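Here is a short report on one protein model. Keep the structure in view as you read.

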Amino acid sequence: MTLSLILVGSCATLSQKEKITAIKIKIAFNDKEIVKKYASTITSEELKVHVYDLTKDEFNGRMTGTKGHNAACAFIRDYYINEKISAPPKDDDYFQEIPKSYFSKKINASQNVIAYLKGKEKPEELLVISGHSDHEGVIDGEIYYGADDNGSGTSAIMEIAQAFKMAYDDGYKPKRSIAFLHATGEEIGLYGSRYYTEHPLFPIENTVANLNIDMVGRVDNRHSKNPNYIYIIGSDRLSTELHYISEAANATFSDLELDYKYNSENDPNRYFQRSDHYNFALKGVPTIFYFNGVHEDYTKPTDTADKLNYKLLEKRTRLIFSTAWYLANSEKRVVVDKKL
Ligand SMILES: [Zn+2]
């Protein structure tokens, strides 16, 4: 009895290992040089310009529903217009309007900003790259700039979109469509991403994955001695394959330390539930949350643009770009083999 149980146990373990080996073997970047070429267009200098722009005084800390946040959303929209990156077919002015009634009473109507690249072979399948555009606004007369939270992620998306557009114009159109989603209302309860997942561009089951970027420009205490890291959260919750795609992208292009500390299901911080990817995961979409952890300026007016490590932001953004490239171009869409 005991013996046979042990045997069954070890067989199960072996086959799990075999399954993972089979998944890993299939993951290959065939277009390495092309990915590198366009990843190199993502630069610390441009990221820095975007973060400074997004944290201007006139945006007043980008509180959802305020004039300042609306102006920031218009700024993001105008960036896509200038870059000639189109709006999605459904929201052709780049704004997905969210009515006041969707929010709690105190919040005005607001909008997600969405830009879009149409896939060449499977346009009905969609990769969503997201990050929230809002922050905490003005509290007691002080502007909460939110340079890391989430000027960093917003800038990363803008640069990733530009890199994909350059590739697109050179004839390297992605197989699948890509949406660049700047979600509103994250700080007050993940509203924008929830609204999006309830009103997606295409039926939500056509969304192959969501890469969500929220705070990627700073270094936390745990990594003060070796800042070459990023926390990866949720990559294996719905898809074993997604987890290994992320690792392969890093091994091939980035060589960052992928820290899984906060990926533990028992982690008391529950970060997996605390940013926009969670609404996608709830709908069965595999997600990765990219995060640098908290620091002394987190949710303080002192989260300013001068404190970001822009070289590190560049490196992390390039990792996300190469992972996105794979997900948009792989022969088969990433396999979902788990449930939350
Ligand atoms: Zn955030």
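Start with a loop. Arginine 62 sits in the loop between helix H3 (44-54) and helix H4 (67-82). The model is predicted. Phi of arginine 62 is near 55°, a positive value in a residue other than glycine. Leucine 190 has a positive phi too, about 55°, and is not a glycine either. Its place is the loop between S6 and helix H6 (191-198). Most residues other than glycine have a negative phi.

Are these two residues buried or exposed? The cut-off for buried is 20 or more other C-beta atoms within 10 Å. Arginine 62 has 30, so arginine 62 is buried. Leucine 190 has 20, so leucine 190 is buried as well.

| Residue | Phi | Other C-beta atoms within 10 Å |
|---|---|---|
| Arginine 62 | near 55° | 30 |
| Leucine 190 | about 55° | 20 |

Another backbone feature lies in a helix. The peptide bond from aspartate 149 to asparagine 150 is cis, with omega near 10°. Asparagine 150 belongs to helix H5. Most peptide bonds are trans.

Now the sheet. It is open and has 8 strands, in the order S1-S2-S6-S3-S7-S10-S8-S9, with mixed pairing. Strand S1 (95-98) and strand S9 (257-259) stand at the edges. Each has a single partner strand, so one side of each is left without a neighbour in the sheet. From one strand to the next, the twist averages 25°. Strand S8 (residues 229-233) and strand S10 (residues 287-291) run antiparallel and are joined by 3 bridges. Isoleucine 232 stands opposite tyrosine 290 in S10.

Helix H9 (residues 310-329) lies across several strands, including S3, S6 and S7, and runs at about 175° to S7. H9 also meets a helix. The axes of H5 (residues 147-169) and H9 come within 10 Å and cross at roughly 50°. H5 and H9 are therefore oblique to each other. Their crossing is right-handed. On the H5 side, the contact residues include Ala156, Ile160 and Ala163. On the H9 side, they include Thr317, Phe321 and Ala324.

Leaving aside neighbours within four places in sequence, isoleucine 160 is in contact with Ile42, Ile129, Thr317, Ile320, Phe321 and Ala324. In soluble globular proteins, nonpolar side chains tend to be buried together.

Note on methods: Residues are numbered from 1 along each chain as its sequence is written. This is a predicted model: local features need pLDDT of at least 70, side-chain atom pairs count only at pLDDT 80 or more; totals for chains, interfaces and linings use all residues. Two strands pair if DSSP finds at least two bridges between them. Helices (H or I, at least four residues) and strands (E, at least two) are DSSP runs, numbered from the N terminus. Axes are lines fitted to C-alpha atoms, for helices over the stretch in contact, and angles run from 0 to 180 degrees between N-to-C directions. Two residues are in contact if their C-beta atoms, placed from the backbone, lie within 7 Å. Angles under 35 degrees count as roughly parallel, over 145 as roughly antiparallel, 65 to 115 as roughly perpendicular and the rest as oblique. A crossing is left-handed if the near helix is turned anticlockwise from the far one by less than a right angle, and right-handed if clockwise. A residue is buried if 20 or more other C-beta atoms lie within 10 Å of its own, exposed if 12 or fewer, and partly exposed in between; C-beta atoms are placed from the backbone.
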